[in-house]
Amino acid sequence: MEQFRAMARLELCNIFGLNVLRHTKDPKAKRKSSGLFCLYVFLLAVTAFYVGGLVYGLVFLGMDEVVFAYLIAISSVIIFVFGVLKAGSVLFRREGYDMACALPVPTAAVVFARILRMYVENLGFSLVVLLPGTIVYAWNVRPGAAFYLALWLGMLSVPMIPMAGAVLVGVLVTGASSRMRHKSLVAAGLSILLVLGIFWLTSRMSALEGALDLEMLKNVSAFVFLMLGRLYAPAVWLGKAVVYGDVLHCLMCVGLSLAIFAVVSAGVCACFHPICRNLYGGFARHDYKVEELGGLKGKSVLVSLCCREFRRYFASSIYVANTIIGPIMGCVISGMLLFFGMDSLEAYIPFPIDSGSLAPFLLGGVFCMM
């Protein structure tokens with residue numbers, strides 16, 4: 001047990017880069033951290049304002065019972081998306097792997113510590129969405145004490161199922177790419193396909209929401225529950241348990257989340273070392289042969305430097321994915337504008353585009369996405 005606590009302390013002491021910020025002597029690093037902190041505060045304020053307005057609108061329309069199912073679904077989507085993009089790099093990161101393997105600690109302790117760090121980060125994401133919504137809901141509805149008990153239990157379990165799904169997808173992507181020669185390119189390709197799929201699903205949801213008017217929204221509680229139940233049923237179960245203060249059903253949801261989380265964690269422990277060996281291990285061949293007629297061939301300095309930079313670029317799946325997603329989406333949007341006009345984008349964009357003056361800004365924003 002002491003080994004688990006020690007590894008957990010090592011992981012949590014530098015969560016969000018706090019330990020580096022505390023001990024760094026570099027003024028540039030401190031300025032960078034301060035700027036990121038101000039940006040995070042701004043994003044938190046924008047998210048709180050958006051979520052608060054959403055909850056107030058749902059309560060105003062008499063849709064109290066769907067509030068927490070909606071908020072849990074939003075939190076789960078955020079956790080899943082961010083988790084898929086970083087699960088492989090967090091669980092199987094190279095920094096500290098050699099040292100952790102040399103220490104007299106079991107593999108389960110290393111994996112548990114890294115998963116615990118991901119859980120704490122994802123819990124923060126879920127609280128950013130749930131806390132503002134809870135404040136607005138409690139101020140307008142005035143629920144009883146059972147609501148707060150069920151809410152406290154539910155908040156702790158919200159990140160578990162989407163995190164388990166994200167870890168499972170991340171492990172499958174990392175494991176599949178680790179057995180191939182061009183690991184980074186395969187991982188980048190799978191990440192790009194996943195992100196494009198998320199964009200498509202988001203656009204379809206935006207089109208569905210845009211088709212609903214105010215009169216339809218007033219009687220849409222059952223429809224929202226039906227839609228969320230098909231997409232993510234645990235959000236409906238836990239949301240109803242919280243709204244009605246049903247502690248028993250809330251405990252059942254927590255138990256289900258813990259069971260799924262434990263199964264996925266055990267699977268990660270089982271495949272941790274094989275995936276790391278495939279990712280970071282290698283072999284060298286020493287059967288180099290000089291061509292009988294041509295001899296050794298040299299390249300110019302410029303060609304050699306360009307080849308080295310290309311190898312460095314394609315060695316990082318994050319760089320490849322970040323620099324390719326924008327151009328791909330830019331080509332898709334440009335093609336839609338060229339062949340179908342501005343009207344073709346109205347079903348996929350949640351704001352009106354009456355004139356062509358917004359097209360350059362829309363295209364520029366797509367190229368800036370990282």
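About 80 Å³ of space lies in the largest cavity of this predicted model. A cavity here is a set of points, on a 1 Å grid over the protein atoms alone, where a 1.4 Å probe fits but cannot get out. Its volume is the space filled by probe spheres set on the points, which are joined across faces, edges and corners. By this rule there are three cavities of 30 Å³ or more.

Which residues line the largest cavity? They are Ile72, Ser157, Val158, Ile161, Tyr232, Pro234, Ala235, Trp237, Leu238, Cys253, Leu256 and Ser257. A lining residue has an atom within 4 Å of a point. Ten of these residues are nonpolar, two are polar and none is charged. The nonpolar class holds Ala, Val, Leu, Ile, Met, Phe, Trp, Tyr, Cys and Pro; Asp, Glu, Lys and Arg are charged, and the others, Gly among them, are polar.

Helix H12 (233-243) and helix H13 (247-280) each supply at least two residues of this lining. The largest share, four residues, comes from H12. Helices are DSSP runs (H or I, at least four residues), numbered from the N terminus.

Residues are numbered from 1 along each chain as its sequence is written. The model is predicted, so local features need pLDDT of at least 70 and side-chain atom pairs count only at pLDDT 80 or more, while totals for chains, interfaces and linings use all residues; side-chain values use heavy atoms, with hydrogens and water left out.

**Salt bridges**

Side chains of opposite charge can pair when their charged atoms come close. A salt bridge needs a side-chain nitrogen of Lys or Arg within 4 Å of a carboxyl oxygen of Asp or Glu. The count comes to three salt bridges.

| Pair | Closest N and O atoms |
|---|---|
| Glu121 and Arg117 | 3.5 Å |
| Glu309 and Arg312 | 3.7 Å |

Glu121 and Arg117 both lie in helix H6 (residues 107-141). They are four residues apart, about one turn of the helix. Are they buried or exposed? Both Glu121 and Arg117 are buried. Buried means under 20% relative accessible area, exposed over 50%, and partly exposed in between (1.4 Å probe, protein chains only).

Arg308, Glu309 and Arg312 are linked in a network of salt bridges. Glu309 and Arg312 are three residues apart in helix H14 (residues 301-314), so about one helical turn separates them. Glu309 is partly exposed at 37% relative accessibility. Arg308 is partly exposed too, at 40%. Arg312 counts as exposed, at 52%.

**Aromatic rings**

The whole structure holds six aromatic pairs. One of them joins Phe147 and Tyr148: the ring centres are 5.0 Å apart and the planes stand at 75 degrees, so the pair is edge-to-face. Rings of Phe, Tyr and Trp (its six-membered ring) pair if their centres lie within 6.5 Å; planes under 30 degrees apart are stacked, over 60 edge-to-face, and the rest tilted. Phe147 is buried, with a relative accessible area of 2%. Tyr148 is partly exposed, at 42%. Phe68, Tyr137, Phe147 and Tyr148 form one aromatic cluster.

A charge also meets a ring. The charged end of Arg142 sits over the ring of Trp139, 4.7 Å from its centre. The rule asks for NZ of Lys or CZ of Arg within 6 Å of the ring centre and within 35 degrees of the ring normal.

Methods. On a 1 Å grid over the protein atoms alone, a cavity is a set of points where a 1.4 Å probe fits but cannot get out, and a pocket is an open set with protein on both sides within 12 Å along at least five of seven lines; lining residues have an atom within 4 Å of a point.
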